[in-house]
Amino acid sequence: MGETSGKGSCDGYDVAIIGAGVSGANIARRLSAYELDVVLLDKEADVSFGTSKANSGIVHGGFHHNRKYLKSRLEIQGAMMFDRLALELDFPFRRCGIVVAALHDDEMLAIDQLYRQGVENGVIGIEMCSRERMLGLEPKLSPDTVGGLWAPGGGIVEPYRFAFSLVESAVKNGARVLTGFAVERAERSGERWTVGASDGRAVSASYVVNAAGLFADEVSRIFGAEEYRIRARKGEYYLLDRLTKARPDRVVFPVPTSVSKGMLVIPTVEGTVLLGPTAESIEDKTDLSTTRSELEKILGSARTMIPSISETDVITSFAGLRPTLGEDFYIDISAKAPGFIQVAGIQSPGLTASPAIGEYVKDLLKKAGLRLVEKGDYDPYVEKRPHMKDVDHFAADGLVKKDPAYGNMVCRCERVSEAEIVAAVRAGHTTLDGIKYFTRAQMGRCQGGFCTYKIIKIVMRETGLGWDEITKRGDASRILKDTL
Amino acid sequence: MKELRYDAVVIGGGAAGMAAALELDGAGLSCAIVEREENLGGILVQCIHNGFGLIEFNEELSGPEFAERFEDRVRGTGIKPYVGTTVMDIDVSGGDKLLYCYSAEYGILRMSCRAIVLAMGCRERNRGNIRIPGSRPAGVYTAGLAQRLVNIEGYIPGKDIVIVGSGDIGLIMARRMSWVGCKVHAVVEILPYPSGLTRNIVQCLHDFSIPLYLSHLTTNIVGKDRVEGVEITPLENGALMTEKAFTIACDTVLLSVGLVPENELSKQVGVEMNPMTNGPSVDSRLMTNVSGVFACGNVLHVHDLVDYVVEEARRAGAFAALWLKGERAKLEVRVKAGSNVRYVAPGRVDAEADNKIYLRTLIVKNDATLEVRVNNRVIKSVKKTHIQPSEMITVSLGAKDLAAAAGSPDPVVEIAIS
């Protein structure tokens with residue numbers, strides 16, 4: 001995502017948000033409802049390229065954490081905000097419900113505790129279930145299931161599409177996005193911060209929000225704010241073909257352990273199946289590699305809950321990193337750096353909580369002195385874009401008559417047309433990964449084997465980029481090395 | 001939405017689709033080919049090396065030349081080719097079959113027909129399918145994508161290359177990348193024998209001194225933004241020798257780890273699949289369990305030579321034409337894969353007709369014997385000087401051979417190799 005300009009190109013802002021993941025994107029979008037100049041900065045080539053692109057994509061059920069934690073309160077509030085957001089922002093979201101499956105009688109004790117916690121948290125519709133009820137709710141569950149928990153409000157969401165839509169909405173309402181902006185220095189003069197990037201660019205802002213995910217500790221240090229250390233905990237996943245016979249109707253959780261919610265079986269909102277995540281603490285916060293030993297755990301664990309899962313349905317594996325910092329989220333006004341808001345340690349249930357984080361941070365900024373005046377012309381809706389895989393043949397006929405490029409199917413596996421690729425490029429997504437997350441092209445069973453060269457040609461045609469400027473995800477990830 | 005009507009629609013305009021369509025047209029039936037790419041010829045158009053047509057034309061052609069000969073024939077007929085057109089949906093619930101096809105040029109088409117020939121070919125297995133762990137940098141491509149980039153688009157995807165898997169496309173690309181000035185450091189094969197044709201091992205690896213690591217597993221891909229290397233671990237008696245693992249520095253990994261018949265459309269219309277071939281189960285006339293839906297070429301089972309593909313596809317086209325004229329198979333007899341046989345295709349023969357069976361063996365052997373038995377009695381025995389899993393074997397069975405089967409109440413034909 002190059003440089004997206006909403007309002008003018010001044011380099012002085014009211015608020016600069018560092019990190020365009022779901023936290024930063026929600027904050028930017030929320031602030032864009034007010035008469036403010038907002039800039040969203042991200043070091044990657046596109047938004048949502050960090051933790052927000054590789055996670056379970058779940059709107060949690062509100063029963064995993066005690067209300068004494070901020071993360072629990074924000075989770076419950078955030079979860080309730082998704083229906084309206086999906087209506088306004090046109091990202092894939094569905095409340096398919098969550099089941100927690102107990103496979104031994106002794107696990108029912110933990111189910112009982114989760115149920116009580118859910119009731120205390122005010123979770124609507126939560127239910128303790130018998131074996132029969134569980135198998136009725138999710139017929140693909142193992143016959144060894146002895147009972148479990150049912151949270152009908154839990155759901156599934158495409159996290160990157162969510163982030164893209166939030167950013168699009170923020171930009172539509174005047175916010176500005178600067179990608180490839182790796183914050184390197186910060187200076188305070190008078191009442192303002194000047195924030196400099198490694199490539200020499202700089203912006204100034206009265207307030208700065210640190211939503212830098214895995215690197216929030218480094219950003220905090222740059223601003224002379226609180227010292228803390230974000231640790232990365234890796235989660236590895238398998239993705240299964242949409243034609244798998246093992247796709248459940250609900251999100252299936254095991255009974256959680258003390259350190260993790262366990263490895264899940266997730267029917268993604270776009271039709272595939274996700275297995276994982278594992279949980280492994282690592283040192284290198286850029287290490288997104290999968291490992292044989294961790295991947296081996298996934299299939300075994302998933303099969304205990306859904307025995308029909310087969311390794312022949314695997315189309316890819318990937319890893320994401322949780323930015324962990326103690327037990328809870330750390331969202332507060334810095335006591336050391338003026339006009340600096342910390343939004344750190346946003347691990348699970350961060351995606352679920354993120355809309356509430358937007359609200360919470362808006363209120364913190366107000367408390368810190370930011371004047372909030374509602375915009376008269378704020379428009380919460382983004383343009384709805386058609387997807388060929390979701391329309392019937394008659395609607396398809398109408399689309400192709402308007403623009404023949406809807407008839408040219410570029411990605412056969414996920415049914416993505418040339419028109420949708422062009423829309424992605426025009427929305428600023430010019431890397432192969434950015435186009436993948438925006439359109440799903442290259443995300444299906446052939447993993448780009450058939451469509452990569454077509455997408456390269458469309459990007460070059462639409463942007464004027466040269467062959468040597470086509471990358472997987474920016475910078476050094478060039479796809480091609482030479483010409484004949 | 002435009003409405004169109006044909007006696008038969010062939011899905012896929014590669015070698016198989018064109019050969020099948022030519023038979024249907026030759027039988028006086030109206031026929032369309034629906035091809036999702038911008039031109040006919042399928043994967044042949046990017047296979048600019050030679051070695052095609054030795055059986056079909058008794059001469060050695062390049063892929064595009066082979067395709068062109070069939071395209072020229074198609075052009076001289078009443079066959080309507082719809083290129084750049086993708087079949088999105090098939091409805092076989094009514095009397096006629098309906099195909100919904102999307103195209104930038106033709107718009108949305110609804111074609112009705114009585115018979116369908118499936119000829120969609122296959123796709124390459126990818127990194128996820130074989131579950132190679134590691135990072136996910138740029139520079140990991142299937143061999144076929146690399147072939148497309150080099151031969152058609154004119155781009156070189158990388159300079160220092162390791163090829164994972166010894167399938168034919170990988171071997172061909174080892175030579176191709178060497179020719180364009182790249183260094184191919186190794187071909188890594190998990191099995192103790194190569195997956196590709198012997199002639200390709202000789203012409204593409206030996207002639208270029210490219211090392212082939214048999215019984216080696218690719219255990220890790222390294223590199224943050226672009227591939228920096230691959231870790232390779234030897235296998236001994238099926239066990240990973242982790243202490244003997246080594247890393248080869250490279251900027252590109254090409255995968256040639258097998259082909260999968262592309263049967264998503266077939267499954268959508270309820271075609272039953274054969275788990276051994278990943279293609280449809282078909283009768284002696286190459287018809288699937290869905291009446292009037294036929295299959296041929298790489299969508300039925302993966303072939304090693306296009307010559308075999310067109311031979312099979314011609315039979316499928318001719319059978320579809322006979323079916324359209326009301327003719328049905330006479331005496332269907334089940335064919336079973338016996339010892340050392342991975343699969344037979346088709347899985348049935350007509351005991352009162354001439355049949356051609358394709359099969360693959362599970363073993364590597366010199367001086368092997370192939371036996372065809374009917375109810376445990378040997379009716380045909382063929383000597384083979386050399387067999388291996390990567391080389392397809394064909395067997396012809398005529399009505400005379402199958403007379404014993406025709407006479408018995410519950411006959412089974414079994415093909416075994418020893």
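**Reading helix packing, a sheet and an interface**

Guide: In this predicted model, chain B holds an open sheet of five strands, ordered 12-21-14-15-16 and paired in parallel.

Visitor: Which strands stand at the edges of this sheet?

Guide: In general, the strands of a sheet pair through backbone hydrogen bonds, in either a parallel or an antiparallel manner. Here the edges are strand 12 (140–142) and strand 16 (212–213) of chain B; each has a single partner strand, so one side of each lacks a neighbour in the sheet. Strand 12 of chain B pairs with strand 21 (residues 252–255) of chain B in the parallel sense, over three bridges. Within strand 21 of chain B, B:Leu254 is the residue opposite B:Tyr141.

Visitor: How do helix 2 and helix 5 of chain A pack?

Guide: Two packed helices are described by the angle between their axes and by the distance between those axes. For helix 2 (residues 70–89) and helix 5 (residues 159–172) of chain A, the angle is about 65° and the axes lie 10 Å apart. The two helices of chain A are therefore roughly perpendicular. Their crossing is left-handed. Helix 2 of chain A contributes A:Phe82, A:Leu85 and A:Leu89 to the contact, and helix 5 of chain A contributes A:Phe162, A:Ser165, A:Leu166 and A:Ser169. Of these residues, five are nonpolar, two polar and none charged.

Visitor: What area do chain B and chain A bury between them?

Guide: The two chains bury about 4,700 Å², with 55% of it on carbon and sulfur atoms. The contact involves 52 residues of chain B and 56 residues of chain A. B:Arg131, B:Arg136 and B:Tyr155 supply 16% of the area that chain B buries against chain A, more than any other three residues.

Key. Residues are numbered from 1 along each chain as its sequence is written. Chains are lettered from A and ligands numbered from 1 in the order in which they are written. This is a predicted model: local features need pLDDT of at least 70, side-chain atom pairs count only at pLDDT 80 or more; totals for chains, interfaces and linings use all residues. Side-chain values use heavy atoms; hydrogens and water are left out. Axes are lines fitted to C-alpha atoms, for helices over the stretch in contact, and angles run from 0 to 180 degrees between N-to-C directions. Helices (H or I, at least four residues) and strands (E, at least two) are DSSP runs, numbered from the N terminus. Angles under 35 degrees count as roughly parallel, over 145 as roughly antiparallel, 65 to 115 as roughly perpendicular and the rest as oblique. A crossing is left-handed if the near helix is turned anticlockwise from the far one by less than a right angle, and right-handed if clockwise. Contact means heavy atoms within 4.5 Å. Ala, Val, Leu, Ile, Met, Phe, Trp, Tyr, Cys and Pro count as nonpolar, Asp, Glu, Lys and Arg as charged, and the others, Gly among them, as polar. Two strands pair if DSSP finds at least two bridges between them. Buried area is the accessible area (1.4 Å probe) that two parts lose on being put together, summed over both.
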